[in-house]
Amino acid sequence: MTSRTFLIVSGISLIVVGMIFGDVFAVFVLHQNANRIGETLTAVTDAIASKDSVAANSLFSKIGGLLENRGTKVDTHVHVIDFGYLALLLAFLQPHIAIGERARKRLAVLFIAGAVILPVSVFAIHYVGLSYSPFEAIGWASIFADLGGLLVIVAVVGFLIGLCRVGGASKTNEETPDRSWASRVLLSGGTFLILAGFLHGAYYAVFNLQAHESQYQVALETMINASVAQQNKPTPDMKDPYSVVEGYGLIQAEKAVNIAAHSHIIEFGLLAILLAFVQKYVFLAEAWKKRWVVLLLIGSVVLPAFVLLELSLGLVAGGIADAGGLMVIIALVGMLVGVLRNNRRGAGV
Amino acid sequence: MSGSRKVLVVSGVVIAIWGMSFGLYYALFAEHQALDKIGASLAMGFTHGANGDLIEAGASLQEYADTQFDYVRSVDVHSHWIGLAMLLIVFGLAFDRVSLTERVKLLLAWSLVVGSVTFPLGVILQTLDRGIIPQAVAALGASLVIIALAAVALGFARSERGS
């Protein structure tokens, strides 16, 4: 297997694994975790109303744990997929990198090793914590995650050196562009998806981001004030603090769905463009190649659109968004099978 | 490789390494400390609330909000620099298929590069100064990227129609 084939197969595999992880996380962890945070925050308001600062503090440790659990899983999902994208990118740059195939393969292996070590270690952070760590704030899992990141950087720098040395070699290595229907549709569709994502992101940054940030602070202050107001009452009425907790959760949810829709549509656009270059290495009948392309683009629109609609349509929209993710996964697996078939027939990549 | 493609690919790889190095630096020297501060200040705010001290509670929440503001932007900058870098490299590979003259493509390539540097730069500058200048830098960068992106999308669409 050449360095390019290795990077393409590893890249698509990383993206598939990252997306399956994301779907599992969305279905089994995300909402349950958010509910637990809401319940714990409600318990904090009870603790404040009963002047129990020890309980309030320990409940916050619990919230910290829940946030770390969610944060590390989101980071794992994002990093696995992004490293998959980077692997595909590096695969297509291989003809322009003026170093020997053996060295390129070593760099590719180094890159993939880092791309696996980093997310696996990030996933482990929540479970390993600071056990046996020589440092005060950084645990072994974080140290290994940073090591993974370093391996990736070293590999990318190695490829960059090869890219800078290219000179006249690029002319001989230049390839004829793939003008197939599948490649063209992925290229145009991907660019429009990215443009839509950028426009949505700019709209959100201008009209909502700072408003959400100030609303957080106001909600937290109101939560405390409303709870403190109940401290000296014989029978505390917790209706107001609870409704502030609910409002706080809604602001968090609104921000989360906007950021998720923004990042997913851009990432799917980037993925579509990258896959436009893979098409000539997908050894499948043209009809099947078209099917996977259409399925991928439909899934790429369905997931972010229904993530955005989750607040108004609820769990139904969440389910449809997950189905969109599944469509992308199925299309990717279909293309991966085509690349492996191409490699097996000895066509090389 | 044409001039516009070289600009996109080389700038993209450089920005990707820069974005990763920033992420590594931030993870090693700032992130854990920031997360500890966010957790501690938020917990302190509620603890002061439980003790009935609303002034101290407000101060702790302000510290929480300030740290959170910086943390969110630092993480955003890391992911945006790398994401934009990948976009530059990908476009570098496909730029021959944009149906525009090389001169226009070179202009678009530089717009994408300058926008990809200045947009996250403006965002990270907001952690030092919350005034209008960093916001203007970020807005200018984002506008450059969006306008160039729209032109590239049209260029791809024209190319597809022509083939």
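**Figure 1. Helix α6 of chain A, end to end.** At 1.5 Å a residue, the 48 residues of helix α6 (residues 181–228) of chain A should span 70 Å, and since the C-alpha atoms at its ends sit 65 Å apart, the two values agree. Keep in mind that you're looking at a predicted model. Where does α6(A) bend? Look for Ala205(A): there, α6(A) bends by about 50 degrees.

**Figure 2. Chain A as a whole.** Before we zoom in again, here's the overall picture. Chain A has ten helices and zero strands, so if you follow the elements from the N terminus on, you read α-α-α-α-α-α-α-α-α-α. The C-alpha trace of chain A spans about 85 × 50 × 35 Å along its principal axes. Of the 349 residues in chain A, 44% are buried. Now take the contacts in chain A with a separation of 6 or more: 82% of them involve residues 24 or more positions apart.

**Figure 3. The largest nonpolar core.** In soluble globular proteins, nonpolar side chains tend to be buried together. Here, the largest nonpolar core has 119 residues, and the ones with the most contacts inside it are Ala87(A), Leu89(A), Leu274(A), Met86(B) and Val90(B). Helix α7 (residues 239–278) of chain A gives the most to this core, 15 residues. Why does the core lie between domain 1 and domain 2 of chain A? Because domain 1 (1–175) and domain 2 (179–349) of chain A both give residues to it. Zoom in on Met86(B): not counting residues up to four places away in sequence, Met86(B) touches Tyr85(A), Leu86(A), Leu89(A), Leu270(A), Gly12(B) and Ala16(B). There's also a second, separate core of 28 residues, which includes Ala47(A), Ile63(A), Ala226(A) and Met44(B).

**Figure 4. Chain B up against chain A.** This contact takes 50 residues from chain B and 55 residues from chain A. On the side of chain B that touches chain A, the elements giving two or more residues are α1 (3–50), α2 (54–94) and α4 (132–162) of chain B. The one that gives the most is α1(B), with 20 residues. That side of chain B divides into 33 nonpolar, 13 polar and four charged residues.

**Figure 5. A look at Gln135(B).** You'll find Gln135(B) in helix α4 of chain B. It has 18 C-beta neighbours inside 10 Å, so Gln135(B) counts as partly exposed. Which residues does Gln135(B) contact, leaving aside its neighbours within four places in sequence? They're Gly122(B) and Gln126(B). Gln135(B) and Gly122(B) are 13 residues apart along the chain, with 6.0 Å between their C-alpha atoms.

Technical notes: Residues are numbered from 1 along each chain as its sequence is written. Chains are lettered from A and ligands numbered from 1 in the order in which they are written. This is a predicted model: local features need pLDDT of at least 70, side-chain atom pairs count only at pLDDT 80 or more; totals for chains, interfaces and linings use all residues. Two residues are in contact if their C-beta atoms, placed from the backbone, lie within 7 Å. Helices (H or I, at least four residues) and strands (E, at least two) are DSSP runs, numbered from the N terminus. Ala, Val, Leu, Ile, Met, Phe, Trp, Tyr, Cys and Pro count as nonpolar, Asp, Glu, Lys and Arg as charged, and the others, Gly among them, as polar. The expected span of a helix is 1.5 Å times one less than its number of residues. The bend at a residue is the angle between axes fitted to the seven residues ending there and the seven starting there. A nonpolar core is a set of buried Ala, Val, Leu, Ile, Met, Phe, Trp, Tyr and Cys residues joined through C-beta atoms within 7 Å. A residue is buried if 20 or more other C-beta atoms lie within 10 Å of its own, exposed if 12 or fewer, and partly exposed in between; C-beta atoms are placed from the backbone. Domain bounds come from an automatic or database domain assignment.
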